[in-house]
Amino acid sequence: MLRDILSGKSSIDPGQLAGAAGLPNDPASVAALMSQLQGALKGGGDGGINWDIALQQGQERAAAGALSTTDAQRAELEQAFHIAALWLDDVINVAELTVEPRLMTRREWVSATMPLWSQLSEPVATSISDSLTNVLTEQAPEELKGMLAGASQMMRSLGGTLFAMQLGQVVGQLASEVVSGGDIGIPLFGDQQAALLPQNVAEFGEGLDVPADQVQIYLAVRELAHARLFRHSRWLRLHMISSITDFAHGITIDTERLESLAEGFDPSNPEELRDAMVNGSLIPPKSDAQLAALGRLETMLALVEGWVDVVTLEATSRLPRADAINETVKRRRASGGPAESAFATLVGLELRPRRLREAAAMWQAVTDAVGNEARDALWAHPDILPTSADLDDPQSLVARLTSTAKGEPPVLDDVDQALADLLRDDNPDRPHEA
């Protein structure tokens, strides 16, 4: 099939294959698909993944329907950032940004974020390429085995090209859905960069019956809060990205399922292949290590987003329609967008903070009990940051913080109390120096 279709002799419709791979089924896109695949097969390369293809695909997808930023939009959003910075200073105790916020087009957002998307996706892309190599070399007809012998690098290049093209399409679509750099929850940019996408901000406000300037200020406050938190807690970005890559490195492809698809593949019904990709049946159940990494990531996402929610609501209390905007943000975040769902399918990872409601309630309880400064001090080091257990029982956290604020002895949990009892001077079971 590969030999025939790439030589132009096959009756298989390339458009159907493009659709099965989740790529646009238009003449230009199909021609680009065939050109990229032919280049991957002929070039061979070192078997690595050409992420430039993902960037190109993403930029082209983002450019479709994109509008340039007008001078009026730029002035309005720059003013919104200025107001947001002043209001945030009143409610948070984290450092200001030293880099000016940016206004980005969709294409610029793709270019700025693709390095991180590539980093997060590479373990999955490698697993797919390796599995494709194994299955195709084992299942190939006898007359093609000689051709494929020793061509593992070429096959890895082919699999990597397909994955990179799909990733580009997903990121390009995401560029039409996000309103800011922190909209996804993870820190997509480098250190302390904040950004808004003017076209998407305008579309976000359509139909809300809320003045545009209030929407702009609210979203600017959220974005600055997110960026300032990651600048303040410099360990946080690495911690979060490490959790994602730890999860991704554990992803494997079910080669038996892939082999059965290869054996029974019907070129006239490529939807079977697409269904297998979309429903996740090619990815085995999560391992214990993956579940642990996923738990850490979900807790951290919830803590970050919950904190941003609380400080944003406090900072925007002057806005008459802040509650309406906040409700829209919550609904939008709960449902996600088509591109986010596609990313979850592609990488096997959902970026929704499942415990966001509990995290926001916990941060609000901490704020009410000990104030903004003590609340924000919890981001100084990962060892003192609230845990999943604190989300379950925020009152215990509040009690510990309240005791500390009053100068009282700390409230110990069961483990700490047992350790303290063991180390007491009057404890006969206490170990003694020789």
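This is a predicted model: local features need pLDDT of at least 70, side-chain atom pairs count only at pLDDT 80 or more; totals for chains, interfaces and linings use all residues.
Me: How are helix 14 and helix 15 oriented to each other?
Reply: Helix 14 spans residues 288–315 and helix 15 spans residues 322–335, and their axes lie 11 Å apart. The two helices pack at an angle of about 165°. Angles over 145 degrees count as roughly antiparallel. Helix 14 and helix 15 are therefore roughly antiparallel.

Me: Which residues make the contact of helix 14 with helix 15, and how many of them are charged?
Reply: Helix 14 contributes E305, D309 and L313, while helix 15 contributes D323, N326, K330 and R333. The residues of this contact include one nonpolar and one polar. The number of charged residues is five.

Me: How are helix 5 and helix 10 oriented to each other?
Reply: Helix 5 (residues 71–89) and helix 10 (residues 212–232) have axes that come within 8 Å. These axes cross at roughly 60°. Angles under 35 degrees count as roughly parallel, and the roughly perpendicular range is 65 to 115. Helix 5 and helix 10 are therefore oblique to each other.

Me: How many residues in the contact of helix 5 with helix 10 are nonpolar?
Reply: On helix 5 the contact includes L77, F81, W87 and L88, and on helix 10 it includes I217, V221 and L224. The contact also has one polar and four charged residues. The nonpolar residues number 13.

Me: Is the crossing of helix 9 with helix 10 left-handed or right-handed?
Reply: Helix 9 and helix 10 pack at an angle of about 120°, with their axes 10 Å apart. The two helices are therefore oblique to each other. The crossing in which helix 9 passes helix 10 is right-handed.

Me: How many charged residues are in the contact of helix 9 with helix 10?
Reply: V201, F204 and G205 of helix 9 meet V215, Q216 and L219 of helix 10. Four of the contact residues are nonpolar and two are polar.

Me: Which helix gives the most to the lining of the largest cavity?
Reply: The count comes to one cavity of 30 Å³ or more, and the largest cavity has a volume of about 40 Å³. The residues that line the largest cavity are L67, T69, M104, T105, R106, L197, P198, Q199 and N200. They divide into four nonpolar, four polar and one charged. With three residues, the helix that gives the most to this lining is helix 9.

Technical notes
Residues are numbered from 1 along each chain as its sequence is written. Side-chain values use heavy atoms; hydrogens and water are left out. Axes are lines fitted to C-alpha atoms, for helices over the stretch in contact, and angles run from 0 to 180 degrees between N-to-C directions. Helices (H or I, at least four residues) and strands (E, at least two) are DSSP runs, numbered from the N terminus. Contact means heavy atoms within 4.5 Å. Ala, Val, Leu, Ile, Met, Phe, Trp, Tyr, Cys and Pro count as nonpolar, Asp, Glu, Lys and Arg as charged, and the others, Gly among them, as polar. On a 1 Å grid over the protein atoms alone, a cavity is a set of points where a 1.4 Å probe fits but cannot get out, and a pocket is an open set with protein on both sides within 12 Å along at least five of seven lines; lining residues have an atom within 4 Å of a point. Grid points are joined across faces, edges and corners, and a volume is the space filled by probe spheres set on the points. A crossing is left-handed if the near helix is turned anticlockwise from the far one by less than a right angle, and right-handed if clockwise.
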